[in-house]
Structure formats: structure tokens, C-alpha cells
Amino acid sequence: MHDYHTGYHAHNKYELTVQQAVFQLLVLPTAEHGQHLLDFQVKANVPHEWWIASNAFGANCIILAPKNAFTEIEIDISTHVRLESVNSFERPFVNAEEQWSRLSDLSFKVEHAMYLTQTPLTAFPDKESMSLPAIDREQPMIDYIVGLKDTLYDQLQYDGEATDAHTPAYSAWARRKGVCQDFGHVFIGWCRMLGIPARYTSGYLSQGHQYRGDGQLHAWAECYLPEDGWVGVDASNNLLVDHHYIKIAHGRDYYDCSAMTGVLISGGKQVSLHSVSVDMQPNQ
């Protein structure tokens, strides 16, 4: 077992007074696949009320509504989460040919249609221009996925200045530069082109190991492999997901997993600062 204490801090300043506002924070660790949310706290520097709601993908969101007008708001979400140990390469034997053939099954395509359909952030013009590794149907899909991850890690440079939250995968790939969000979108786009269901995932990443993207909320991909189930892949760090990854939510792309959104009555400019902390506790 591995215990973590996570912290999410948001600090928003507004040029004009905000008369009313409602914020949605998608920052709580989910409870699935050996991950257990033991406790959490919600704080803000203005009088407020808050409650929990589920989004369209089943993730828990904190809905926070300030009671008074304000020009500046700070919100802190702290959690205590416990993760079971994970061996990313410990998997049951699978028949590779049967595994690959499942991708062509109509019922499989219908069941996973949401994560087989490209979005504007994941779509590529065509498969031929990507020069993806050839598929060997005698090779287990997990081995092919690891090869895709290695290819992306080798060819895409991690650069925090090259893209923004709205950069589509094909643009980041054309520049050969991006951040964890772009690695995730490119990997998802590749998988969907191959008929492998894939989804965007947000969460916290264990700090102190020099992982790329550990200073903010992190992003990676999950792909569905018949017989294996959902497998987490972090191409930006060239890793399969293990107990160093604390999952918050998943969706079709970044837009489904944005950490903080809101509806407010105001005007003028806004400045937002966000930070995270992840403290790993001694093994239980």
C-alpha cells in the first residue's frame, strides 16, 4: 500500500468584481482499480458553500459557490488517498491473434464507440502519414502499445512553451514538441486510428522522482486491450502507469477533464494560478 496526501491550489484574480459565481473542480482522486480516497477537505478564502456532483463520465466534482461578491478567490483541496501496489508488466497470458481479432468485432466497436471516435483534439488527417509501426498479430497488444509509447517518447520533445490547452494532436506532432497533454492526445489519436479504444486521463503524479509534469496536474492515456482491460500509458515519461499515478478522471480528451471551470457574472481580465503538491507517506 502507498499513502499520498495531495493538495490542489487555485488563485484567481479578476479585474472587475464578480457578483455571482459557481465553480466546478475536477480534482478529487477517483475510487477505482485499487485506489481509495480516504479523506478530503475543501477550503476557500471567501464565504461559500460546496457539494459533490458526478460528471458525465462518473467522476466526482466539487461544486463551489461563493456567497458574496469578490475580486479574488483562493481555493484549496486536500486529499488523503491510498493506492495498492501495481506491477505494470504482470499480466495474464492472452492469445494474441484472438486479441487483435476482437478489434474487428462489431459488438466491440459499439461497446467502445465513445473512445474509438476521434475529437478535434485527437484527430489526424490520415493514417498513412503517421508511419506507425506495423502490426504483428502474433504479438500481444501490450507489447505493441509499449512500442507506440517508445516511438512517441523518442520523437516528441517535451516543451512547455510550444503548445497550449487547445493545440490539437496533429499540430503538436507536426512541431514534434508538446507537454503531457499533447503526448496524451497524440497517443490517443494513434490508438483510435488503429481501432484501439483510448481515453484521456488526468491526475496527480508522485513528486520527487523527476517525472515530467509532476508540478501540475498530469495527463496520460488509457487504452482498452481485450483480455487486459484498461491500461494506463504515460508517453511523456515513457512509463506504464503504476502506483505513482493518482487518477482523477477520464474522458474523450482534455476538455472532458479540465480541473477548474466556472460560470460567473463579471467582466474584464482574469489571472489564474494553479499548483499541486503530492506527498508520499511511508508504506503501510
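Two strands count as paired if DSSP finds at least two bridges between them. Keep that in mind as you click through this predicted model.

**Stop 1: the sheet.** Select β9, residues 198–205, together with β13. Six bridges join these two strands, which run antiparallel. Now bring in the rest of the open sheet, five strands in the order β12-β11-β10-β9-β13, with antiparallel pairing. At the edges you'll find β12 (239–240) and β13 (245–251), each pairing on one side only.

**Stop 2: Lys247.** Next, show the side chains of Lys247 and Glu32, which meet in a salt bridge at 2.8 Å, N to O. Glu32 sits in the loop between β2 (20–25) and β3 (35–44) while Lys247 is in strand β13, so this pair ties together parts 215 residues apart in sequence. Is Lys247 buried or exposed? Lys247 has a relative accessible area of 6%, so it is buried; Glu32, at 22%, counts as partly exposed.

Glu222 belongs to strand β10 (residues 218–225), and the two residues are 25 apart in the chain. Select Arg199 too: salt bridges with shared partners join Glu32, Arg199, Glu222 and Lys247 into one network.

**Stop 3: the surface.** Finally, switch to a surface view and select Glu97, Glu98, Asp136, Glu138 and Glu227, which form a negative patch. Glu97 lies in helix α1 (residues 96–101) and is partly exposed, with a relative accessible area of 47%.

Technical notes. Residues numbered from 1 in each chain as written. Predicted model: local features only at pLDDT ≥ 70, side-chain atom pairs only at ≥ 80, totals over all residues. Heavy atoms only, no water. Patch = residues over 30% accessible without salt bridge, like charges linked within 9 Å, V, L, I, M, F, W, Y side chains within 5 Å. Areas by Shrake-Rupley, 256 points an atom, 1.4 Å probe, with all protein chains shown as cover. Salt bridge = Lys/Arg side-chain N within 4 Å of Asp/Glu carboxyl O. Lys, Arg positive; Asp, Glu negative; His and termini not counted. Charge placed at Lys NZ, Arg CZ, Asp CG, Glu CD. Helix = DSSP H or I, 4+ residues; strand = E, 2+ residues; numbered from the N terminus. Buried < 20%, exposed > 50% of the residue type's maximum accessible area, 1.4 Å probe, protein only.
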